[in-house]
Amino acid sequence: MPGIPENGCGDILMQTKVLPPFRLVNPEMFATFVMVSFQKSPTNISNDMTKNLILAAAMLLAGGAVAAQPKVIAHRGYWTAPESAQNSIASFTKADAVGVFGSEIDVWLTADDKLIVNHDRIYKGTDVNMEKATAKEITAIVLPNGENIPTLEDYLTQAAKSDKTKLICEIKRHSSAANNQRAADAVVAAVKAAGLTDRVEYIAFDLATCKRIAAALPDAMVQYLNGDIAPAALRADGIRGIDYTFSTISVRPDWIREAHDNGMVVNTWTVNAEQDMMSCIALGMDFITTNYPQTLKELLTKTFVAPN
């Protein structure tokens, strides 16, 4: 295993714990994980998170308990796969084919009250505004893989053909509170009409949107995206999870425990570097959202430690 830098652990508090015997199942990979903590070779990890990772690595090395594996969510679908594109139907089928937990999509309400799936408000290279254009105008746009921009109905029809992969539906922040409400209501109605209430989970940056969906579907998984509210406060509003950026979680790792203590789940996005994926695994994330779901799934097959 590579050596520890000469300046050691600095002001990190080291604690002694009596833990069960262990064996390293994959020493090479575990060494890489530890060196990420010490050297921070290329990663987005903050100094505070580095300290947490060193302690997490120490507990792993000492045979401490390992949290359940996080579930994989394909960010805008598995669009980095060949012949795919962001938010395309192919991005869902390719995500489904590799066995992810969920495939994330972005949903807008159009000027004629239809629901379409696209990330940006204005499609790149055009002046087509998702809120101000009609569904006919929007769905005429051709994606890089040759598909047209899909409707939510298209997506729900495709999702119904799979019995495993969930749709993680981000309801985009619209130009007004009234449009946010209309979009939320339209999405809930479409999911109910498709008979897929048990297959769709919801995320949004707009807090009122999250509250509205949670009130309409009390059993649904609703997660807040904006990263500015502590988990306990969200739980009081019926919101069952946080879905915060990796940079946000890196400076507030205590929110992971707070969420779990309140019966909530923790998702994080968008985690693409393998070092950052390992950090999220060590910190006990429930879900990891990534542009590279196959890479993360392969990483999750590696075993760091196991009991004797």
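In this predicted model, helices H3 and H5 meet through a set of side-by-side residues: Ile89, Ser91, Phe92 and Thr93 in H3 are in contact with Asp154, Tyr155, Gln158 and Ala159 in H5. Sorted by class, this contact between H3 and H5 holds four nonpolar, three polar and one charged residues. H3 covers residues 89-97 and H5 covers residues 152-159, and their axes come within 10 Å and cross at roughly 25°. Angles under 35 degrees count as roughly parallel, and H3 and H5 are therefore roughly parallel to each other. The crossing of H3 past H5 is right-handed.

Strand S3 spans residues 102-109, and eight of its eight residues are buried, so the strand is largely enclosed by the rest of the structure.

| Partner of S3 | Sense | Bridges | A residue pair |
|---|---|---|---|
| S2 (residues 71-74) | parallel | two | Ile73 in S2 and Gly102 in S3 |
| S5 (residues 166-171) | parallel | six | Glu104 in S3 and Ile168 in S5 |
| S4 (residues 115-117) | antiparallel | three | Trp108 in S3 and Ile116 in S4 |

S3 and S4 also form a hairpin, with five residues between the two strands. In the turn of this hairpin, Asp113 has a positive phi of about 65°.

**His75**

His75 is found in the loop between S2 and H3. Is His75 buried or exposed? Residues under 20% relative accessible area count as buried, and His75, with a relative accessible area of 11%, is therefore buried. Leaving out residues up to four places away in sequence, His75 touches Glu104, Thr270, Thr289, Thr290 and Asn291.

**Helix H11**

Helix H11 runs over residues 274-283, and eight of its 10 residues are buried, so H11 is largely enclosed by the rest of the structure. The buried residues are Gln275, Asp276, Met277, Met278, Ser279, Cys280, Ile281 and Leu283. Just after H11 comes Gly284, which takes a positive phi of about 85°.

**Thr248**

Thr248 lies in helix H9, which covers residues 246-251. Its relative accessibility is 18%, so Thr248 counts as buried. Which residues does Thr248 touch, not counting residues up to four places away in sequence? They are Gly227 and Trp255. Thr248 and Asp228 are 20 residues apart in sequence, and their C-alpha atoms are 8.7 Å apart in space.

**The protein overall**

The secondary structure of the protein comes to 12 helices and 11 strands. The protein has 308 residues, and buried residues make up 50% of them. Taking contacts between residues at least 6 apart in sequence, 59% join residues at least 24 apart.

Conventions:
Residues are numbered from 1 along each chain as its sequence is written. This is a predicted model: local features need pLDDT of at least 70, side-chain atom pairs count only at pLDDT 80 or more; totals for chains, interfaces and linings use all residues. Side-chain values use heavy atoms; hydrogens and water are left out. Axes are lines fitted to C-alpha atoms, for helices over the stretch in contact, and angles run from 0 to 180 degrees between N-to-C directions. Helices (H or I, at least four residues) and strands (E, at least two) are DSSP runs, numbered from the N terminus. Angles under 35 degrees count as roughly parallel, over 145 as roughly antiparallel, 65 to 115 as roughly perpendicular and the rest as oblique. A crossing is left-handed if the near helix is turned anticlockwise from the far one by less than a right angle, and right-handed if clockwise. Contact means heavy atoms within 4.5 Å. Ala, Val, Leu, Ile, Met, Phe, Trp, Tyr, Cys and Pro count as nonpolar, Asp, Glu, Lys and Arg as charged, and the others, Gly among them, as polar. Buried means under 20% relative accessible area, exposed over 50%, partly exposed in between (1.4 Å probe, protein chains only). Two strands pair if DSSP finds at least two bridges between them.
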